[in-house]
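Here are my notes on the model, as numbered points. Please read them with the coordinates open.

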Amino acid sequence: MPFAKDSCHRTGKVSVLSCRKDLVARLQKMGFVESRMFFPTEQGGSVGARDGVWRWVTGAGMFVFLCLPVWAHGETSPVGFPGPLPPVQGERHNRSTEASEYLPPETWNEEGGSSSRNPSFLLPKENLLNESGWTQHYTRERLPGEKRGAPENFYAGVVESGGVLWMAGFSGDILAIDARDGRLIWRRHLSSFLPSPPILGSSTVYLAASEPGVTLEHLVWYAKTRTLIRGRGPGLVEALSRKTGDLRWSAAVPGGCYGSPVLLPHTVMVQTGSGHLLFLDRNDGHQVFDLPLDGRSLGLASPVQEDLRVVVAQENPPLYQEVSLSGPRRIWRFGWTGTRDWEHFFIGTPLLAHGIFIGILRRPDPPEDEVMALNPDLGRVLWSRTFPPGDLPPAEDQSLPVESGNVVYVPSGVSRSLMAVEVSTGNLLWTLSLDERPSTGGVVTGNLLLLPLPSGRLLAIDKRSGTLVGEKKVASGLGPHPPVVVGHRVFVAGEDGSISQILLTEWGKKVQLLAFPPAPESPSKEAGLSSVPASSGSPVAEERDFR
């Protein structure tokens, strides 16, 4: 509590009496203590009136409860914790689109904008008069002898904040463009390629990068065993000015960095390919704390953070590890024993939703994907669901689940399908079969699910039933990260260097009604929380085919 630190801990000259008076006055204002509690001067500050002893015990108890946490923790944690993260924005929701945040964020603290990985935001008022969709194409700088630079590759997708779009190019370029028309604001070329989305603070852009340093031998071994053995090149965490793109600092870290950092109140957290969870100072990038973890590779995933809890995913050997930021220290680890390393591996960045940890396990022989939910307090399996068998995707394939409204949307590159599962129970709601391999669960706004596919198609799906209602070709290729929805606007960045704004109002009445359903008639039928029709037994599972 700020008042405890300000009024009672500011200096050693504050008297116990004034501290008690200030505390009781604030407790009275908060309704914890009755106003008849007072400190008569003639009694030297001791409690007078009837029930004085009881009131003093109550006040002392509240003092201990509210003030001691400040003494106990204060600035003692090496990562600026414990204590909850400052909220990026209010958790208010429009009742007709529960899946969406009320306003776009001013900061983008982690991959996907939140632990649910669902970057969907509303606007209080929108003026779409004389507005239409647009597409811009960006190329890399020309090399000597080239007439035209090669197209950028926005494999990492797009991030939106403050009316600006941010894209990290695979070649090492970071771009900031105006969300109104796609006009370039600034561009910066970094020395390493950027495989993950940028993270945004209030005035700084943070990126994870990796020097090449990986030989063909390493890539062949990775394709065979899913074990990321890094080359000599270090990983990098770099900070740029949001306004100008100027480099503020660059920090070399052991092993490659392939997942986005996570922004904490005082530090930047990043996991490295050499098995370290690092905390770097946000101001200058110096290393504040190094927490070595088990295993030789933390894969392509980003850390997953919720309050003081962090879970890191290691691809092979398959291992999840939970770390408490109050320390920091490891709480538990979850994995398989008694098998060859490459018989199982976790794939992609997991998520934390409604107090449940959800990740995807892949078995190469025979090829099979399985989504599982763990109790994050104990590291024990709560439920799991297996996709139909199929064929093994390329080594770089990712599967990133997305959660919205107590439903997790899970892609399977092996079975070429998308599964909707209830988070709390594991009940299967529906399965949608596809003609190519999805890499993400998409993005949900209202009752609409937008699913990008590697071929560059963007599918519009009714999230309640898994029914396909529309499709657009938006690029020649799309990476594993979902598009960003801001009100009626959808922003999509492609692997061909394109960035597009698509208006949901131009996609037909059916799509628009799903994205912005009318207000519910009764609280029991709130839109955004609906799924398949309930039956007297377990929920009905529907299967759709779009081959």
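1. A residue is called buried under 20% relative accessible area, exposed over 50%, and partly exposed in between. Gly390 has a relative accessible area of 34%, so it is partly exposed. The model is a predicted one, and this applies to every point below.

2. Gly390 sits in the loop that runs between strand E23 (380-386) and strand E24 (402-404). Setting aside neighbours within four places in sequence, its contacts are Pro367 and Val414. Arg416, 26 residues away in sequence, has its C-alpha 7.8 Å from that of Gly390.

3. Seven aromatic pairs turn up in a search of the whole structure. In one of them, Trp108 and Phe121, the ring centres are 5.8 Å apart and the planes meet at 65 degrees; planes over 60 degrees apart count as edge-to-face, so this pair is edge-to-face. Trp108 belongs to the loop between helix H3 (52-72) and strand E1 (120-121), while Phe121 is in E1, so the pair ties together parts 13 residues apart in sequence. Trp108 and Phe121 are both buried.

4. Tyr206 and Trp249 make a tilted aromatic pair, with 6.2 Å from centre to centre and 50 degrees between the planes. Because Tyr206 lies in strand E8 (residues 204-210) and Trp249 in strand E10 (residues 247-253), the pair ties together parts that are 43 residues apart in sequence. Tyr206 is buried at a relative accessible area of 3%, and Trp249 counts as buried at 6%.

5. Which sense does the pairing of strand E26 (residues 417-422) with E27 take? The two strands are antiparallel, with five bridges, and Met419 stands opposite Thr431 in E27. Five residues separate the strands of this hairpin, and Gly426 has a positive phi near 80 degrees. Strand E27 (residues 428-434) is mostly covered, with seven of its seven residues buried.

6. An open sheet is formed by four strands in the order E28-E29-E30-E31, with antiparallel pairing. Strand E28 (443-445) and strand E31 (467-473) are the edges, each pairing on one side only. From one strand to the next the twist averages 25 degrees. Strand E30 (residues 457-462) is joined to E31 by six bridges, and Asp462 has Thr467 in E31 as its bridge partner.

7. The search of the whole structure also finds 18 salt bridges. Among them is Arg117 with Glu110, whose closest N and O atoms are 3.7 Å apart. Arg117 counts as buried at 4% relative accessibility, and Glu110 counts as buried at 9%.

8. Glu322 forms a salt bridge with Arg309 in which the closest N and O atoms are 3.4 Å apart. This pair links distant parts of the chain, with Glu322 in strand E17 (residues 319-324) and Arg309 in strand E16 (residues 309-314), 13 residues apart. Glu322 is buried at a relative accessible area of 5%, and Arg309 is buried at 17%.

9. The salt bridge of Asp435 with Arg457 has its closest N and O atoms 2.6 Å apart. Asp435 lies in the loop between E27 and E28 and Arg457 in strand E30, so the pair ties together parts that are 22 residues apart in sequence. At 39% relative accessibility Asp435 counts as partly exposed, whereas Arg457, at 13%, counts as buried. Elsewhere, salt bridges that share partners join Glu306, Arg309, Glu322 and Asp377 into one network.

Conventions. Residues numbered from 1 in each chain as written. Predicted model: local features only at pLDDT ≥ 70, side-chain atom pairs only at ≥ 80, totals over all residues. Heavy atoms only, no water. Buried < 20%, exposed > 50% of the residue type's maximum accessible area, 1.4 Å probe, protein only. Contact = heavy atoms within 4.5 Å. Phe/Tyr/Trp six-rings, centres within 6.5 Å; stacked < 30°, edge-to-face > 60°. Pairing = 2+ DSSP bridges. Axes fitted to C-alpha atoms, helices over the stretch in contact; angles between N-to-C directions. Salt bridge = Lys/Arg side-chain N within 4 Å of Asp/Glu carboxyl O.
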